[in-house]
Structures are given as C-alpha cells and as structure tokens.
Amino acid sequence: MAATRERRDWQRRSRYAARLAEAAVEGDGGWLDAWEAAAGPDDPDVAVVRVEFTIQLAGALRGSDWAKNTTDEQFAGFFRVLPQAVERIQRAAELNPGDPTPYISEMAVARGLNYPHGDVRRIWKTITRLDPYNYPAHIVALPYWYARWHGSDELAASFSREASEQAPPGTLLRMLPLIVWWDHRDDGAKEADFRTPELVAMVDAALVDAAAAPTDHPDLPRTRHLLAYFLARQGRWEAALELFRLVDGHVGAAPWSQYDFPAVAYCQWRDRAVRHAGRR
C-alpha cells in the first residue's frame with residue numbers, strides 16, 4: 001500500500017485496498033485493528049483500507065440477495081454501518097490529497113445511500129481530475145447509472161460511451177460498452193445477438209485497447225476473460241483461444257464468476273474454442 005502511494009499507482013491502490021478489506025471482513029479483522037493501532041491515526045494507507053472495510057462490512061450485513069428477500073434486520077445493519085464510511089472517506093482524502101482512492105470508494109457509498117445525481121457528478125469530477133482514466137473507478141461508478149440503481153439504460157450507455165470515446169488506447173475503458181451490454185442483455189441473448197455488426201465493432205475496439213495496455217496492467221487479465229467469452233460467442237475461435245491461453249488456470253473473473261460453477265462454465269467455453277480452432 002505504501003508503494004502504491006509513493007508511485008501514485010492509483011489503480012493498484014484501490015484494488016489492493018479492496019482485497020485487504022475483503023480479507024478483514026471474511027476473517028476476524030483483528031490484523032487491521034492491530035495495523036491501525038501501530039500505524040497511528042494519520043496513516044493514509046490504513047485509512048483507505050478502513051474505508052473499504054466499512055463499505056464491505058455493510059454489504060456483508062445486508063447480504064447479496066434481492067431486496068424482497070432481505071430482512072429488516074439485514075437492512076438495519078447495512079444502514080447502521082455504511083454511513084460511517086462517509087466521515088472516514090473525508091479523513092482519508094485529507095491524509096493524502098492527491099489520491100482518488102477515497103473518492104472511488106465513495107462511488108459505492110453513493111449507490112448504497114442514494115446520493116442524488118448532482119452529488120455523484122461532483123465526486124466523479126474530483127476522481128477524473130486526479131486520475132482521468134482510472135479503470136477501477138469507472139467500474140465502481142458504472143452501476144450507479146444503471147436503471148436498477150439510480151439511472152437508466154440511456155444514462156448507463158452514455159456514461160460508458162463517453163468514457164470509452166475519450167480514453168486513449170491502453171486504458172481498457174473501451175471495455176465499458178461491452179460490460180454494459182453483458183450486464184443487461186447476456187442472460188436473454190440469442191446467438192445472433194452476439195454477432196451483430198455493432199457488437200462485433202465493440203469487441204474489436206476493446207481488443208485494440210487491450211493490445212495497447214501495459215502487460216502488467218492490473219485489470220488486463222479480467223479484460224481478457226470477458227473478451228475470450230465474447231469472441232467465442234461470436235465464433236471467432238482462433239482469437240478466443242489466444243486469450244484463453246493467456247488466462248488459463250484462473251476462473252475468478254466475469255463472466256465465469258457469475259455462474260454457480262465457474263470452473264465448469266469456463267472449461268466449457270475454453271474447450272469449445274479448442275475444438276473449433278483445431279478444426280480450422
């Protein structure tokens with residue numbers, strides 16, 4: 001965490017903070033308390049992890065089921081804990097003023113606490129001023145604009161389109177329109193839907209973006225997983241197989257992570273790519 005701050009590697013910093021917080025929520029969290037006690041109240045690294053811990057703890061208390069299946073007790077726990085993140089976000093931002101990480105976390109809070117559009121746009125303006133092409137920031141912000149949260153299909157499409165069109169190659173932001181399409185249409189899509197000229201062009205643009213990205217970009221593997229899936233659905237077997245080779249052995253990314261048995265789903269599409277590419 002200290003190295004990400006010193007190098008101003010904000011993309012890894014937000015990812016690391018989230019993973020550390022996840023570990024603290026899944027465990028007893030005692031190591032985070034010990035770290036905070038040893039580092040003192042002014043440590044900017046502990047501060048951003050504590051923000052993420054608060055957000056994820058609130059999510060764990062609520063659970064991941066639909067609202068109709070969530071109890072009053074679960075909602076009470078969520079709304080008791082999540083507002084605590086707001087003050088902690090402000091403190092983390094004060095401790096390291098050039099760091100967008102606290103504001104990226106606040107985009108998740110905005111979704112949970114129903115921030116109005118104006119407040120979200122203000123936060124987003126701060127994030128993009130500090131790091132305009134931060135991929136994790138865009139991924140966290142995107143769901144706010146979905147119709148099932150606080151936006152609409154048009155606002156989600158507009159957000160993803162504007163970000164992808166303004167970003168230089170290698171930022172992976174040309175993935176955003178694909179992610180919106182997948183989130184909204186994949187479940188009910190027919191084979192022909194994956195092969196429309198519009199979607200093929202979106203995949204091609206994302207492939208160019210991924211090819212230009214630094215090989216150590218922390219989100220490049222996730223990008224390759226989703227692109228391999230789209231390429232396979234489009235019958236572009238050789239290109240799909242090339243990406244499957246790069247990510248093989250890992251299934252913890254979308255789309256596989258959304259299945260009940262991620263490894264099974266992954267292997268089905270990987271093996272299909274192997275068979276079809278081999279025939280050609």
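Predicted model: local features only at pLDDT ≥ 70, side-chain atom pairs only at ≥ 80, totals over all residues.
Trainee: How many helices and strands does the secondary structure of the protein chain come to?

Mentor: Helices (H or I, at least four residues) and strands (E, at least two) are DSSP runs, numbered from the N terminus. Counted in that way, the protein chain comes to 15 helices and zero strands.

Trainee: Why is the protein chain described as being as compact as a globular protein of its length?

Mentor: The radius of gyration is taken over C-alpha atoms, and the globule rule is 2.2 Å times the number of residues to the power 0.38. For 280 residues that rule gives 19 Å, so the protein chain is as compact as a globular protein of that length because its own radius of gyration is close to this, at 20 Å.

Trainee: Which residues have the most contacts inside the largest nonpolar core?

Mentor: A nonpolar core is a set of buried Ala, Val, Leu, Ile, Met, Phe, Trp, Tyr and Cys residues joined through side-chain atoms within 4.5 Å. In soluble globular proteins, nonpolar side chains tend to be buried together. In this protein chain, 46% of the 280 residues count as buried. The largest nonpolar core has 76 residues, and those with the most contacts inside it are Met175, Leu178, Ile179, Leu227, Tyr229, Phe230 and Phe244.

Trainee: With which residues is Ile179 in contact, leaving aside its neighbours within four places in sequence?

Mentor: Contact means heavy atoms within 4.5 Å. By this test, and with those neighbours left aside, the partners of Ile179 are Tyr135, Ile139, Leu142, Tyr146 and Leu226.

Trainee: Is Leu172 buried or exposed?

Mentor: Leu172 sits in the loop between helix H10 (153–166) and helix H11 (176–185), and has a positive phi of about 75 degrees although it is not a glycine. Its relative accessibility is 1%, and therefore Leu172 counts as buried.

Trainee: What is the relative accessibility of Asn114?

Mentor: Asn114 also has a positive phi without being a glycine, with a value near 60 degrees, and its place is in the loop between helix H7 (101–112) and helix H8 (117–130). Asn114 counts as partly exposed because its relative accessibility is 49%.

Trainee: Which peptide bond is cis, with omega near 10 degrees?

Mentor: One of its two residues, Pro255, is found in the loop between helix H14 (237–247) and helix H15 (262–279). The cis bond is the one from Ala254 to Pro255.

Trainee: What separates the C-alpha atoms of Gly249 and Tyr266?

Mentor: Gly249 has its place in the loop between H14 and H15, and is exposed, with a relative accessible area of 66%. Gly249 and Tyr266 are 17 residues apart along the chain, and their C-alpha atoms are separated by 9.6 Å.

Trainee: How far apart are the C-alpha atoms of Val264 and Glu242?

Mentor: Val264 belongs to helix H15, and counts as partly exposed because its relative accessibility is 46%. Along the chain Val264 and Glu242 are 22 residues apart, whereas the separation of their C-alpha atoms is 19 Å.

Conventions:
Residues numbered from 1 in each chain as written. Heavy atoms only, no water. Buried < 20%, exposed > 50% of the residue type's maximum accessible area, 1.4 Å probe, protein only.
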